[in-house]
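Me: I would like to learn how to read a metal site and a loop residue from a set of coordinates. Could we take one example and work through it slowly?
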Amino acid sequence: GAKWTYKGPDGETNWSKNYPYCGGVFQSPIDFEPELLRYDHSLTQIELLHYNLSDKELLTLVNNGHSVQLSLPSRMSLSGLSHRYSAAQLHLHWGSQSLPAGSEHTINGKRFPAEMHVVHFNSDKYPNVSVAADRADGLAVLGVLIEVGRFNPAFDRFLTYIDGIKYKNQTVKIPAFNIRELLPDQLDEFYRYDGSLTTPPCYPSVLWTVFRTPISISHTQFLGLATTVYSSTVGDDSPVTLSGNYRRTQNPGDRTVLVNFQE
Ligand SMILES: NS(=O)(=O)c1cc(-c2ccccc2)cc(-c2ccccc2)c1
Ligand SMILES: [Zn+2]
């Protein structure tokens with residue numbers, strides 16, 4: 001599809017010119033402001049199936065020019081939702097060295113340094129993520145807020161390889177690992193709402209689950225993420241650092257955000 005960026009003339013205010021859904025309803029991300037939240041005791045826990053991958057298998061890490069993305073096997077899945085959702089990929093959104101706030105979702109206006117998305121598709125109804133991507137019940141994405149603090153060994157399982165994907169369209173195969181270790185210890189408290197892909201084509205096809213508890217990475221790990229990869233291709237005579245790859249928060253409209261916790 002048409003190229004899009006996070007800054008400049010192809011930036012988010014113009015996405016809807018080529019991607020009409022980006023100007024539509026149920027857009028993500030949103031700010032979790034107190035007035036939007038509604039406690040729902042019937043929200044069931046998310047269960048992660050087969051997240052503990054063997055290091056005998058290889059995953060593809062790619063720089064797609066907009067993010068760093070790790071492929072995931074479809075035998076990894078979520079239960080506890082209305083359908084089974086099988087994993088497809090995980091990727092990140094982050095700030096920059098000078099502006100270290102790059103999460104997509106915000107909590108009462110607080111933007112975190114980064115955010116990880118684990119993308120799953122409804123494998124009860126659809127054969128793969130591409131078919132599911134534009135169906136209203138097609139996708140379930142887990143959002144993990146990332147703060148800077150303690151070093152995160154699980155994060156280094158892929159971060160140590162990003163020197164191999166400095167440029168757009170570069171890929172590297174990495175040994176798989178326990179993806180559960182990338183998620184917060186506590187999965188019991190989360191925000192749940194109906195939204196969209198936060199990048200073009202912005203399909204309103206995502207059931208969002210954003211965990212309340214952030215994970216921590218070290219400042220060095222954050223700088224590694226924010227300063228190593230380029231959005232430009234190898235040989236491009238003016239390399240552009242890939243950073244600040246987050247969409248601003250969208251109008252919630254009359255949506256409420258369900259939460260399974262009370263202050
Ligand atoms: N941010 S997100 O979780 O809504 C999301 C981001 C990206 C994305 C795309 C380009 C560069 C970087 C990130 C792709 C998808 C996607 C999910 C299912 C099927 C197709 C695409 C979903
Ligand atoms: Zn994302």
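Me: What arrangement do the 4 donor atoms around the zinc ion (ligand 2) make?

Reply: As a general idea, the ideal angle at a metal with four tetrahedral donors is 109.5 degrees. In this predicted model, the 4 donor atoms around the zinc ion (ligand 2) subtend angles of 100 to 116°, and the arrangement is therefore tetrahedral, since four donors count as such if all angles lie between 85 and 135 degrees.

Me: Which protein atoms are donors of the zinc ion (ligand 2), and how far from it do they lie?

Reply: The protein donors are H91 through NE2, H93 through NE2 and H117 through ND1, lying 2.0 Å from the zinc ion (ligand 2), and along the chain these donors follow the spacing H-x1-H-x23-H. Because H93 belongs to strand β7 (residues 85–94) and H117 to strand β10 (residues 114–122), this pair ties together parts that are 24 residues apart in sequence.

Me: Are H93 and H117 buried or exposed?

Reply: Buried means under 20% relative accessible area; H93, with a relative accessible area of 1%, is therefore buried, and H117, with a value of 1%, is buried too.

Me: Where does P201 lie, and which residues is it in contact with, leaving aside its neighbours within four places in sequence?

Reply: P201 sits in the loop between β13 (190–195) and β14 (206–211), and, apart from those sequence neighbours, P201 is in contact with Y19, Y21 and C22. The C-alpha atoms of P201 and N18 are separated by 8.5 Å, although the two are 183 residues apart along the chain. With a relative accessible area of 22%, P201 is partly exposed.

How values were computed. Residues are numbered from 1 along each chain as its sequence is written. Chains are lettered from A and ligands numbered from 1 in the order in which they are written. This is a predicted model: local features need pLDDT of at least 70, side-chain atom pairs count only at pLDDT 80 or more; totals for chains, interfaces and linings use all residues. Side-chain values use heavy atoms; hydrogens and water are left out. Helices (H or I, at least four residues) and strands (E, at least two) are DSSP runs, numbered from the N terminus. Buried means under 20% relative accessible area, exposed over 50%, partly exposed in between (1.4 Å probe, protein chains only). Contact means heavy atoms within 4.5 Å. Donors are N, O and S atoms within 2.8 Å of the metal (3.2 Å for Na, K and Ca); water is not among the atoms, so sites may look incomplete. Four donors count as tetrahedral if all angles lie between 85 and 135 degrees; four count as square planar and six as octahedral if opposite donors are over 155 degrees apart and all others between 65 and 115; anything else is irregular.
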